[in-house]
Amino acid sequence: MGKYADIVEITPGVDLPAEVYGARAHILAQLVNSGLPVPTAFAVSIAGVHKYVVADYPQTPAFAHKLVPGALYSVRRSPAMRGWGGPRAILNIGMNFETRDILAKAIGTDSANDLYCRFVRSYSIMVARLDEDDIEELVEREFTNAGKDYGHLLEALLSFYREELDETFPQDPHAQMQHVLRAMALMWEGTTARILRTARGAPADAGLGFIVQDMMQGACLGECGSGIGQFVTLATGEIGAHGRYKSESQGHDAVSGRGGELFLGTDQRGPSLQETAPKAFAELQGVAEEIRKLQCDDMQLQFTVQDDKIWVLDAKPAERSGRAEVSIAVRLMQDGLKSKQEALLSVAPRSLTEMLHRHVDPKASRDRIFGGIAASPGAAFGHIVFSATAAQASAAREEPCILVRPETTPEDIRGMQSANGVLTQRGGMTSHAAVIARGLGLPCIVGATNLKLDLRRKTITLPDGDILHEGDFITLDGTEGEILRGAVALVEPDLGGPFNTFMDWADEFRRLGVRGNVDTPNDARLAQTFKIEGIGLCRTEHMFFEPGRLTAMREMIFADQDKDRQSALDRLLPMQRDDFAELFKVMDGLPVCIRLLDPPLHEFLPQTTAEMRTLAEAMDMPLPRVQERAEALSEVNPMLGMRGVRLGITVPGIYDMQARAIFEAAADVQTRLGFEVRPEIMVPLVSAKKEVELVKIRVDTVAAEVERTTGQRIKYSVGVMVETPRAALRAGEISRFAEFISFGTNDLTQMTYGLSRDDAGRFMRDYVNMGVFGEDPFHSLDTDAVGELVSIAVERARAKNPDMVLGLCGEHGGDPESVAFCHKVGLDYVSCSAYRAPIARLAAAQAAIQDKG
């Protein structure tokens, strides 16, 4: 960067790279080069600002000759990236008694004194480091006692400065400027500024440039003032003036909320710049359109009006919601300002969340009462209930409710389906509540560990001692992880024309397939609306919790004899077969990957004495025997115990029944509807090739029996869900018996880290904040360690079978960064909850576009 000067005047032809002079300087140079109206300005480079920190700055800077009587200048930040923030601007530098008197002849004494007061206040606070509260109290006191007499206020401010610092306020414009630049440079290097910018994603040593700019005073004989505005709406991205303007003002006065502001365009809510100064408004529109074409984006302008003429102080991308982001990207492409690829890259995948779910109205007041982990996006309000039964009763009365539980279990699914949102005291990003809520499209907050639940009294005690009762209304903001008091206004999702057009473009470019994690036919219908390319994970255990099925499942668990166990399985068979048949019908020939039963059997047993007594009555069995069986099935660490393939090998009847239900359903659909069904049977939690071999032999045997009796040829495949590190490392030999591999990264992360995904929420936030982990590994795939296991497995599996189909079905399948990794290592598809499918589709398209470079 040696060829770049520390201080450069922004004139036509000058080159000001953002990495050298900051983003604001870069765009101002582009505006000047295009002949747009920009006040005289100088750019101080990032290196030049650092010299002010170490007191190695020039005594006669390049702009020194501009600091003459009657001229005022401002200093504004210019960080390398817009979102990194920086010190507040300091305006009216150069103001002293001589300049005050010169300006008074043009704009009046009162206006000139006002500008002087503004400068003394900001200089005192930001440069001299006097207490801001003391100064604001002084201003309020003077206005109360003497009215808005700026001459009297100026005397009071200068006297206060002299008394506090034992020196007079500086009159030399050169000294003022040097002191301002050094003070703002030191602020950027301070501890508070470092913390703030790292919280915004900037490196701690991020660079900052400055813009030294001629002040358009915003006070003159014709129409004058300042404003901030854009010509697209914040909420929808539709064309329309949005912003504020204030006469006889400067800086951010127009958006300070102190009164006197005008709307930009004609607005029924009040007067506007368009009505007050139509010539200036028309010029502003024209300038905004020129900048839009120059930047190939809709921009927000900070501007000033001087005698009805527009001057642009800054231009940055227009503020926009997620919905507006898509609408703007589509229009820019259709107007020829962006290619499809550029339009797709301009939208952050997570921005689509706002379009897919209801969200809290940005204009609504938020009475935040506590927070937790944002596990499933969207927003909902309802009265508090503490049980699945209460949630179902509430739904029957058509009353909205929020289900609050210490944590959820499979038995809570019916209650979750009835609730408008879910809140749990425990859990993390891949806990039961989080996973199921994302699949259902419910807002969900987990890991609210500071709450105290009393299920008997049906109360929630907040950290401040306040108590919420069953029936109280709350609002869940699952996107932000915040619980709000009362029923807050919500905005409905809108998947209109621009969204569909945009997603069609994404599908043109992506290589990676996107499937859905779907458990029921209703889930499948929903997922189809998001254009999934098949089912990547059907968790069959959820089917057993439907009414009538749970009893049969429990009878199978309690059976002592093989014939009794088979009798229970025979009752479950038609239920499973009907589910699969409907699923195949809905998916209409697309691949359906069905995971055989995964959870340990104890999850199907009642947990409380009352529930055990009900089961004992239903099965005509003594209560002690039910309790003994439940105790016998309990495990110290059930997630690493008798579950998945281990259960299928030791109690083979379960997998036999499921395989038969799958094949009979496939044969039935092929016979009745005439299209080919392609079931994929996935064996969970494998760690050895022999496990796969044993299960595959039984599945193939059942398939042959069904084909013989039905006469239908079924094109099925048997694969594995890689969830253990050993399975990943032995993927090559496992591939001898598996026709596809799907990475279950929820459990793979859990086992790689030695973390319980249900309990990690207790400390994960602290770990991320302290830099132990860069991100919650259950939220975004750890590409270093877990990712290395995936890469090894891909390499070894493809070495044995180049045509091996490889996918990922953990919740990471809906995380943009994780999707990019899956594209990079060559997976064929990712699978995620239906509501995250558009996010995955866009992330996959962006990965493909960036890959081609």
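Residues are numbered from 1 along each chain as its sequence is written. Because the model is predicted, local features need pLDDT of at least 70 and side-chain atom pairs count only at pLDDT 80 or more, while totals for chains, interfaces and linings use all residues; side-chain values use heavy atoms, with hydrogens and water left out.

The sheet is open and has 8 strands in the order 12-22-21-14-15-16-17-13, with mixed pairing. Strands here are DSSP runs of E with at least two residues, helices are runs of H or I with at least four, and both are numbered from the N terminus. Two strands pair if DSSP finds at least two bridges between them. Strand 12 (368-371) and strand 13 (373-376) are the edge strands, each pairing on one side only. From one strand to the next, the twist averages 30 degrees; angles run from 0 to 180 degrees between N-to-C directions, and axes are lines fitted to C-alpha atoms, for helices over the stretch in contact.

At the strand 12 end of the order, strand 12 and strand 22 run antiparallel and are joined by 3 bridges. Phe370 stands opposite Ile483 in strand 22, and Ile483 is also the bridge partner of Leu476. Strand 21 (residues 473-477) and strand 22 (residues 482-485) are antiparallel as well, over 4 bridges, and Ile474 has Arg485 in strand 22 as its bridge partner. The hairpin of strand 21 and strand 22 has 4 residues between the strands, and Gly481 takes a positive phi near 75 degrees there.

Helix 17 (residues 432-440) packs on the sheet and touches strand 13, strand 16 (421-424) and strand 17 (444-446). The direction of helix 17 makes about 170 degrees with that of strand 17. Contact means heavy atoms within 4.5 Å.

A nonpolar core is a set of buried Ala, Val, Leu, Ile, Met, Phe, Trp, Tyr and Cys residues joined through side-chain atoms within 4.5 Å. Buried means under 20% relative accessible area, exposed over 50%, and partly exposed in between, with a 1.4 Å probe and protein chains only. The largest core has 123 residues, of which Phe502, Phe584 and Phe663 touch the most other members. Helix 25 (residues 652-673) gives the most to this core, with 11 residues. Beyond its neighbours within four places in sequence, Phe502 is in contact with Val326, Ala329, Val330, Ala343, Leu344, Val347 and Leu842. Another core, of 59 residues, lies apart from the largest one and includes Phe63, Tyr123, Leu130 and Leu154.

Helix 20 (residues 549-558) and helix 21 (residues 562-587) have axes that come within 8 Å and cross at roughly 145 degrees. Arg549, Ala552, Met553, Glu555 and Met556 of helix 20 meet Arg565, Ala568, Leu569, Arg571, Leu572, Met575 and Asp579 of helix 21.

Two residues remain. Arg698 lies in helix 26 (residues 689-710) and counts as partly exposed because its relative accessibility is 38%. Not counting residues up to four places away in sequence, Arg698 touches Pro652 and Asp656. Met187, in helix 8 (residues 173-189), is also partly exposed, at 22% relative accessibility. With residues up to four places away in sequence left out, Met187 touches Pro87, Met126, Arg129 and Ala193.
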